[in-house]
Every structure is written in structure tokens, then in C-alpha cells.
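Here is a walk through one protein model, written for someone new to reading structures. Keep the picture open as you go.

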Amino acid sequence: EVIAVHVQSGASVAAGDLLISLNNRVELASRKRQIANLELARLLFERDRKLVAQKSIPQSQYDRSKADLDSASAQLAETEARLDNKAIHAPFAGTVGIIHVRVGDYVEPGTRITTLQDLSELQVDFTVPEHNFPVLRQGLDITIKSSAAPNRKIHAVLQAVDSRVESDTRNLLLRGSLSQVNGLLPGMFAE
């Protein structure tokens, strides 16, 4: 369940910024209990470590307290990982798209929350006939046009050439990177 939306549609965010918080009350309560269990397991282990050194308890009791300590530590780590999954952070800096969830919505893996785009550099994928292959190389300057900026030639650099020709069209897939992205968005048509 979404309990807080920390960003607005269209906002710029930095890598690591908190976007959405999910209900984590159960995990917080579980973490409290597991911290107490870990402290108890640590105390019992330390006591048993001293007693086994004095040969006052059997080795098996010491081994059991060591296993209990390791188990308590692992349970706490598991809960901490579940808590981390209840806070959705921006994996990289960029611009947030339309937020698709609201406080109170239930989400599950695969639920579309928003999009995040790094608009500082875009990529364009396009094809050319196979006979152009001899002149294609990484770093080649290319010019593209977009219907969003019809009177502007946009500079790009060839980033990659696919490793095979498409058998049905006899075309090669290329990828270019654009550094002048003003007025362009991911998904726009370019030629």
C-alpha cells in the first residue's frame, strides 16, 4: 500500500531520492522484535563463550547459542532488506514522468508507478541498408531530424553497430547518442 508520494510529476530528481513510500508497519514491528532477539542471543552467546572456556557447559550448548546468534542476525538482515524494498528511490538522476499511483493504492511487483528519464543524453536507434557497412564506425558523426524540431539538424555520434544484418530487410541496426537534447524526449520519431 502506498503511504506517501514524495515527488511530483515532471520533477527533477537526484540518484537516490525517495519517490514512493510503501506501508512498512509490519516490518518496523518485526525489526524491533528482532533487534531485541539479537541482543538476547548476543548476551547468551557471550555468556556461553566464557562458560565453555571454563569447561562449565558442554560444547553443544555453546554451538547452539552461536547458531541462535547467527540466526537472529540473519533474521534482522532479512527484515532490513524487506524494509529497504518499502521505499522506492530513484536509481539515477533524471526527470520523473506522470505519477500513476496515489496514497492508498496497493502496488505489487510490475505495477507501473512512474517513468524516470535521464534527459541529459538520449539515444536513437535506426537502420541503414547493409551496403553502408564499410563506412560505419563507432564515433562517426551523424545528423538526424525530428518532427519535434523540423527545421533543426541534430548532431549525434554513432555509438554502436549491430553485430548482424536483419535477414528479412537486409538492414543494419545502429545506435547513436545525442548530447543536444533540447526539445526532444525519449520515444519521439527521428530520421
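## Two loop residues with positive phi

Lys 55 sits in the loop that links helix H1 (25-53) to helix H2. Helices here are DSSP runs of H or I with at least four residues, strands are runs of E with at least two, and both are numbered from the N terminus. Lys 55 isn't a glycine, yet its phi is positive, at about 65°. With a relative accessible area of 74%, Lys 55 is exposed. The cut-offs go like this: buried is under 20% relative accessible area, exposed is over 50%, and partly exposed is in between (1.4 Å probe, protein chains only).

Arg 170 also has a positive phi, near 65°, and is a residue other than glycine. Look for Arg 170 in the loop between strand E9 (149-166) and strand E10. Its relative accessibility is 42%, so Arg 170 counts as partly exposed.

## What you're looking at

This is a predicted model, where local features need pLDDT of at least 70 and side-chain atom pairs count only at pLDDT 80 or more, while totals for chains, interfaces and linings use all residues. Residues are numbered from 1 along each chain as its sequence is written, and side-chain values use heavy atoms, leaving out hydrogens and water.

## The overall layout

The protein has two helices and 10 strands. Going along the sequence, the pattern reads β-β-β-α-α-β-β-β-β-β-β-β. The radius of gyration is 28 Å, well over the 16 Å that the globule rule gives for 191 residues, so the protein is more spread out than a compact globule. (That radius is taken over C-alpha atoms, and the rule is 2.2 Å times the number of residues to the power 0.38.) Along its principal axes, the C-alpha trace spans about 85 × 40 × 30 Å.

How much of the protein is buried? Of its 191 residues, 28% count as buried. Now for contacts, meaning heavy atoms within 4.5 Å: among those between residues at least 6 apart in sequence, 62% join residues at least 24 apart.

Two strands count as paired if DSSP finds at least two bridges between them. Strand E5 (residues 94-96) and E6 pair over two bridges in the antiparallel sense, and Val 96 has Leu 116 in E6 as its bridge partner. In general, strands of a sheet pair through backbone hydrogen bonds, either parallel or antiparallel.

Ala 14 is partly exposed, at 37% relative accessibility. Leaving aside residues up to four places away in sequence, Ala 14 touches Ala 90, Phe 92 and Ala 93. The C-alpha atoms of Ala 14 and Thr 95 are 8.9 Å apart, although 81 residues separate them along the chain.

Ser 65 belongs to helix H2 (residues 59-84) and is buried, with a relative accessible area of 6%.

Leu 172 is in strand E10 (residues 171-178) and counts as buried at 3% relative accessibility. Beyond residues up to four places away in sequence, its contacts include Phe 126, Val 128, Phe 133 and Val 161. From Leu 172 to Ala 77, C-alpha to C-alpha, is 48 Å in space and 95 residues in sequence.
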